[in-house]
Amino acid sequence: MGSFLKPSSLEIDRLQALEDDAWAEVERQFAGRLYAYVARRIADQQAREDVLQEIFLGAVRGISSFDRVYTLEQYLFGICRNRTIDHLRRRRDATASQSADGADGVNPLDQMAVEAASPGIIVGERDLRTRTRTLLVQVLRDWVQETWGLGEFKRLMVIEALFLGGWRNRDTWERMGLSGERAVAGIKFRALARMRALAGQGVADRGLLEILSEEEGAVGGKEILLVSDEWAASHASCPARHWLARHLNGSLDEGPKSFVEFHLSQMECPWCLANLDDLEQERVAPQTLIERVHASTMNYLRSRTLPREPS
Ligand SMILES: [Zn+2]
């Protein structure tokens, strides 16, 4: 699955060197899907533009501490989510000071609370990154990739439902048409055993092996939260964009098709839905908006890279 392709270190080097071309390319590739994400949550056109601008400026500012275990898309969507939340909070606070009751029904903030739990990990805005977490992300990604490669899509869906969806064993067997709760427990047991084996292949990390062991007996303790957090934050099971494109044009085989549909409709993955909007040309950013965002990023880059005038 191509979603696991990490950016080449050359690409990151160029972004860290604040090269205009490299950043323009990132904008070209990602502005559409980021805009689609923002547009699903923010109605006001001017606010969308502001947020999109802040996302790219935030990306430029944070790139020097970019953690190369993540992909660029994960990094950008992490920032995108945070900036969107910031905006919604500010708006909520502004509205709250004017009137006591929120008149506009469902608060998008509540909806966002269930999304990827801790993108702060990705964007380095909180100091939660540890070597163990980094290795955990790698193991989850390896496991998903391997399971996908084996064509074990049912297994993938069950584990995704448990870790990403937070489903309980009982709901999972009923909704997935398995024989019973024990079948779910068995799938989870084997998946964790395999993850431990994968973890052991790299640099052995006792903390990681413990997390994956304790997970087995966990019924919603700290461990399960850690794996779930990392699963969500690293988009461990998000299909690459080309799979979404094939989903749209109906050319997926049965296995991948069932998984992609599950991921979209049952997990309601916000990143993949934003990608889908972008591919379908839904919620397209107006060209003028893209141009203004581009100008703002380039201005900022130049202010950072031009030698200062001698005073
Ligand atoms: Zn996804």
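How many aromatic pairs does a search of the whole structure find? The answer is ten. Keep in mind as we go that this is a predicted model.

**Stop one: a pair of rings.** Select tryptophan 148 and phenylalanine 259. Their ring centres are 5.6 Å apart and their planes stand at 85°, so this pair counts as edge-to-face. Now colour the helices they sit in: tryptophan 148 belongs to helix α7 (residues 131-149) and phenylalanine 259 to helix α14 (residues 254-265), so the pair ties together parts that are 111 residues apart in sequence. Are these two buried or exposed? Tryptophan 148 and phenylalanine 259 are both buried.

**Stop two: another ring pair.** Next, pick tryptophan 167 and phenylalanine 262. Here the ring centres lie 5.7 Å apart with the planes at 70°, so this pair is edge-to-face. Distant parts of the chain are linked here too: tryptophan 167 is in the loop between α8 and α9, while phenylalanine 262 is in helix α14, 95 residues apart. Tryptophan 167 and phenylalanine 262 are both buried.

**Stop four: two helices crossing.** Show helix α8 (residues 153-163) and helix α9 (residues 169-176). Their axes come within 10 Å and cross at roughly 145°, and the crossing is right-handed. Which residues meet here? From α8, select Lys154, Met157, Val158, Ala161 and Leu162; from α9, take Asn169, Thr172 and Met176. Sorted by class, this contact has five nonpolar, two polar and one charged residues.

**Stop five: charges over rings.** Zoom to arginine 41 and tyrosine 37. The charged end of arginine 41 sits over the ring of tyrosine 37, 3.8 Å from the ring centre. Then jump to arginine 61 and tyrosine 300, where the charged end of arginine 61 sits over the ring of tyrosine 300, 5.2 Å from its centre.

**Last stop: an enclosed helix.** Select helix α15 (residues 270-280). Nine of its eleven residues are buried, so the helix is largely enclosed by the rest of the structure. To see the buried ones, highlight Pro270, Trp271, Cys272, Leu273, Ala274, Asn275, Leu276, Asp277 and Asp278.

Terms used:
Residues numbered from 1 in each chain as written. Predicted model: local features only at pLDDT ≥ 70, side-chain atom pairs only at ≥ 80, totals over all residues. Heavy atoms only, no water. Axes fitted to C-alpha atoms, helices over the stretch in contact; angles between N-to-C directions. Helix = DSSP H or I, 4+ residues; strand = E, 2+ residues; numbered from the N terminus. Left-handed = near helix turned anticlockwise from the far one by under 90°. Contact = heavy atoms within 4.5 Å. Nonpolar A, V, L, I, M, F, W, Y, C, P; charged D, E, K, R; others polar. Phe/Tyr/Trp six-rings, centres within 6.5 Å; stacked < 30°, edge-to-face > 60°. Buried < 20%, exposed > 50% of the residue type's maximum accessible area, 1.4 Å probe, protein only. Lys NZ or Arg CZ within 6 Å of the ring centre and 35° of its normal.
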